[in-house]
Amino acid sequence: MSILTPNPIGDFVWQKAWQFPAFRKKFILGIILVLILLLTFPYFFQTIQQHSGPVLNDWVLNQIPAQDVSLGIFLSIWATALLLVIRARRSPAIFMMFIYSYLIVSLSRMISINLLPLDPPVGLIPLIDPLSNAFYGKTFITKDLFYSGHTSTIFLMFLCLRRRWDRLFAFISTLIVGSLLLVQHVHYTIDVLGAFVFTYPLYWLGKKFALSGWNTLTIKDNKA
């Protein structure tokens, strides 16, 4: 049974999706879980900031003089986020995929950061991002290292977007963010690479759960 037209747009798509109890339940649950997650972030980050671990001898970082490139990181992430919001207004599938994948990736990061505590790289320059930093609490956080939240989040946006040029833009932005995080010595190389390794399978897990039971739209449709 198809709930969406071949070229669905705007409110019509959301109205059709909302007719399915499975969608309504998952939508409400997803929103509640994300709000809970965001509320716990400041406490979690302040806690892990008290942990201690080794300082890694990172060959790549040793070759790069530390520079403040916060603006480039900020613009790349939030421009991609804006694009995702625009597309999600036309596609509940994109919205649901991102919400549940983000929840799973965030929980995975909380576990990995606790299991592998690290002290920050030598030469770290604090990252100025007024939007992201609002969830960190009053103290600047330097120990949310393995794996990189900035890289995993923007890579997740790339995975959720459907249009070819959207994905190209998001992929280039992902590479820019990953590279600039190293330039600013905010993360170790393993943190950035780990974000790609972990995020991809977790995205598929989140996607499978988010779309099961209600969605029959071929999400590869470039019009979404």
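**Exercise 1.** In this predicted model, which side chain makes a polar contact with the side chain of Asp119, and at what distance?

*Solution.* Start at the side chain of Asp119. Its polar contact is with the side chain of Lys143, at 3.4 Å. The cut-off for such a pair is 3.5 Å. Next, look at the backbone. The nitrogen of Gly53 lies 3.2 Å from a polar atom of the Asp119 side chain.

**Exercise 2.** Place Asp119 in the fold and list what the residue touches.

*Solution.* First, locate the residue. Asp119 sits in the loop between α5 (92–115) and α6 (149–160). Then set aside residues up to four places away in sequence. Asp119 touches His51, Ser52, Gly53, Pro54 and Val55, along with Lys143, Leu145 and Tyr188.

**Exercise 3.** How many cavities of 30 Å³ or more are there, and which residues line the second largest cavity?

*Solution.* The count comes to 2 cavities of 30 Å³ or more. Take the second largest cavity. Its volume is about 40 Å³. Its lining consists of Ile48, His51, Ile113, Leu116, Pro117, Leu118 and Lys143. Now sort that lining by class: 5 residues are nonpolar, 1 is polar and 1 is charged.

**Exercise 4.** What span does helix α4 reach, and what span is expected? Which of its residues are buried?

*Solution.* Helix α4 covers residues 70–88, with 19 residues. From first to last C-alpha the helix reaches 27 Å, close to the 27 Å expected at 1.5 Å a residue. For burial, apply the cut-off of under 20% relative accessible area. The buried residues in α4 are Ser70, Ile73, Ser76, Ile77, Thr80, Ala81, Leu83, Leu84, Arg87 and Ala88.

Terms used
Residues are numbered from 1 along each chain as its sequence is written. This is a predicted model: local features need pLDDT of at least 70, side-chain atom pairs count only at pLDDT 80 or more; totals for chains, interfaces and linings use all residues. Side-chain values use heavy atoms; hydrogens and water are left out. Helices (H or I, at least four residues) and strands (E, at least two) are DSSP runs, numbered from the N terminus. A polar contact is a pair of N or O atoms within 3.5 Å; within protein, one must be able to donate a hydrogen and the other to accept it, and residues adjacent in sequence count only if both atoms are side-chain atoms. Contact means heavy atoms within 4.5 Å. The expected span of a helix is 1.5 Å times one less than its number of residues. Buried means under 20% relative accessible area, exposed over 50%, partly exposed in between (1.4 Å probe, protein chains only). On a 1 Å grid over the protein atoms alone, a cavity is a set of points where a 1.4 Å probe fits but cannot get out, and a pocket is an open set with protein on both sides within 12 Å along at least five of seven lines; lining residues have an atom within 4 Å of a point. Grid points are joined across faces, edges and corners, and a volume is the space filled by probe spheres set on the points. Ala, Val, Leu, Ile, Met, Phe, Trp, Tyr, Cys and Pro count as nonpolar, Asp, Glu, Lys and Arg as charged, and the others, Gly among them, as polar.
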